[in-house]
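Subject: A structure for you to explore

Hi there,

Here is the structure I promised to pass on to you. Have a look around it first, and then read on for what turned up.

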Amino acid sequence: MASPTRAAAALARQDCNNGCSPECTGEAGSKEMVGTFKAKDLIITPATILKEKPDPNALVFGTVFTDHMLTVEWSSEFGWDKPRIKPLQNLSLHPGSSALHYAVEPSLGVKKPTKALLFVILSPVGPYFSSGTFKPVSLWANPKYVRAWKGGTGDCKMGGNYGSSLFAQCEAMDSGCQQVLWLYGEDNQITEVGTMNLFLYWINEDGEEELATPPLDGIILPGVTRQSILDLAHKWGEFKVSERYLTMDDLTTALEGNRVREMFGSGTACVVCPVSDILYKGETIHIPTMENGPKLAGRILDKLTDIQYGREESDWTIIVS
């Protein structure tokens with residue numbers, strides 16, 4: 001299917017006695033340990049039936065997939081197998097796989113896996129949020145729910161961080177909001193927006209024009225888009241750029257003093273998403289992001305998408321074909 005795509009990669013350990021190649025299981029004879037896989041070894045099996053190209057104006061995020069997928073098998077005994085592009089297909093898992101219980105081998109109990117499957121699927125996408133492209137979202141902030149904590153896995157890209165957040169997300173939607181603003185600690189530190197990093201563009205307590213985002217202290221995901229925004233802002237050199245703690249008291253005090261210009265989330269899927277309102281302690285707090293353009297969020301979005309789509313040359317991109 002010839003459409004613009006975003007790549008979604010996942011590493012899933014599976015029952016390799018139920019669907020892996022003989023090389024992975026060791027049944028094909030002795031084999032040296034392979035520390036990595038190479039493009040020159042790629043095996044391509046084209047699909048014989050191709051899906052109809054979807055209407056780009058009617059795409060729903062994460063529901064349409066291309067005709068092919070990439071798989072690479074791994075075992076602790078032999079290392080990486082050859083990479084394979086083949087028709088998109090279901091994965092086969094043993095019902096005892098710890099992926100369904102704890103982790104992923106075809107046996108119960110938490111232990112280090114000996115076999116794994118790296119796979120890449122492609123999905124042409126529309127707007128990440130139902131509100132549409134670059135429309136602001138409303139947030140629900142309630143300190144009774146915590147996304148991550150010190151010593152946990154909040155700074156890691158793993159499914160458990162998302163699964164445990166779904167209950168709060170449902171409550172946010174029941175309250176008329178689109179995303180959760182995750183708070184942390186007795187002082188209600190502002191941490192992340194749903195599955196996005198958070199940025200606040202404001203006049204800080206010292207009267208400085210500042211773009212601020214929470215620091216990577218173990219509960220914040222070190223997003224690539226987050227770092228890209230920080231790098232761009234540092235390069236522009238037009239205002240202070242900080243990785244610092246922000247609390248709800250900081251935000252409400254700044255709003256009372258008309259010092260808040262924009263608030264937005266950042267992530268791989270949405271790139272930049274403006275914030276318009278926060279429901280906090282039963283009251284709706286308005287954020288004047290859209291009234292202020294949003295000049296900075298819009299500028300960042302334009303710059304990053306120009307780089308992503310090759311409209312602007314950058315050392316962040318590599319032409320592969």
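A residue is called buried when its relative accessible area is under 20%. With that cut-off in hand, take W140: its relative accessible area is 6%, so W140 counts as buried. Please keep in mind throughout that this is a predicted model.

**The overall picture**

The protein has 321 residues, and 43% of them are buried. Its secondary structure comes to six helices and 15 strands. Among the contacts with a separation of 6 or more, 69% are between residues 24 or more positions apart.

**Aromatic rings**

Let's stay with W140 for a moment. A pair of aromatic rings is described by the distance of the centres and the angle of the planes. The structure holds five aromatic pairs. In one of them W140 partners Y145, with 5.9 Å from centre to centre and 45° between the planes, and this pair is tilted. Y145 is buried as well, because its relative accessible area is 18%. Together with F167, W140 and Y145 make up one aromatic cluster.

Another pair is formed by Y201 and F239. Their ring centres are 5.4 Å apart and their planes meet at 55°, so this pair is tilted. Which parts of the chain does the pair tie together? Y201 belongs to strand β10 and F239 to the loop between α4 and β12, so the pair links parts that are 38 residues apart in sequence. Y201 is buried, at 8% relative accessible area, and F239 is buried too, at 12%.

**Nonpolar cores**

The largest nonpolar core has 26 residues, and those touching the most other members are L181, M248, L251, M263, I278 and I287. Several elements give two or more residues to this core: β7, β8, β9, β10, α5, β13 and β14. Apart from its neighbours within four places in sequence, M263 is in contact with L198, F199, L200, L251, C273, P274, V275, I278, I287 and T289. There is also a second, separate core of 18 residues, which includes A233, F239, I300 and L301.

**Helix α6**

Helix α6 runs over residues 295-308. Its 14 residues reach 20 Å from the first C-alpha to the last, close to the 20 Å expected at 1.5 Å a residue. An α-helix has 3.6 residues a turn, so residues three or four places apart point the same way.

At 32% relative accessibility, R299 counts as partly exposed. Leaving out neighbours within four places in sequence, R299 is in contact with W236 and E238. The charged end of R299 sits over the ring of W236, 3.7 Å from the ring's centre.

**Backbone details**

Most residues other than glycine have a negative phi, and most peptide bonds are trans. Here are some places to check against that:

- G293 and P294 are joined by a cis peptide bond, with omega about -5°. P294 is in the loop between β15 and α6.
- N188, in the loop between β8 and β9, has a positive phi near 55° and is not a glycine. N188 is buried, at 11% relative accessibility.
- K281, in the loop between β14 and β15, has a positive phi of about 55° and is not a glycine either. K281 is exposed, with a relative accessible area of 64%.

**Cysteines**

A disulfide is a covalent bond between the sulfur atoms of two cysteines. How many disulfides does the structure hold? The count is zero. For C270, the nearest cysteine sulfur is that of C273, 5.4 Å away, and C270 is in no disulfide. C270 counts as buried, at 15% relative accessibility. C177 is buried too, at 8%.

Enjoy exploring, and write back with any questions!

Best wishes

Definitions and conventions:
Residues are numbered from 1 along each chain as its sequence is written. This is a predicted model: local features need pLDDT of at least 70, side-chain atom pairs count only at pLDDT 80 or more; totals for chains, interfaces and linings use all residues. Side-chain values use heavy atoms; hydrogens and water are left out. Helices (H or I, at least four residues) and strands (E, at least two) are DSSP runs, numbered from the N terminus. The expected span of a helix is 1.5 Å times one less than its number of residues. A nonpolar core is a set of buried Ala, Val, Leu, Ile, Met, Phe, Trp, Tyr and Cys residues joined through side-chain atoms within 4.5 Å. Buried means under 20% relative accessible area, exposed over 50%, partly exposed in between (1.4 Å probe, protein chains only). Contact means heavy atoms within 4.5 Å. Rings of Phe, Tyr and Trp (its six-membered ring) pair if their centres lie within 6.5 Å; planes under 30 degrees apart count as stacked, over 60 as edge-to-face and the rest as tilted. A charge sits over a ring if NZ of Lys or CZ of Arg is within 6 Å of the ring centre and within 35 degrees of the ring normal. A disulfide is a pair of cysteine sulfur atoms within 2.5 Å.
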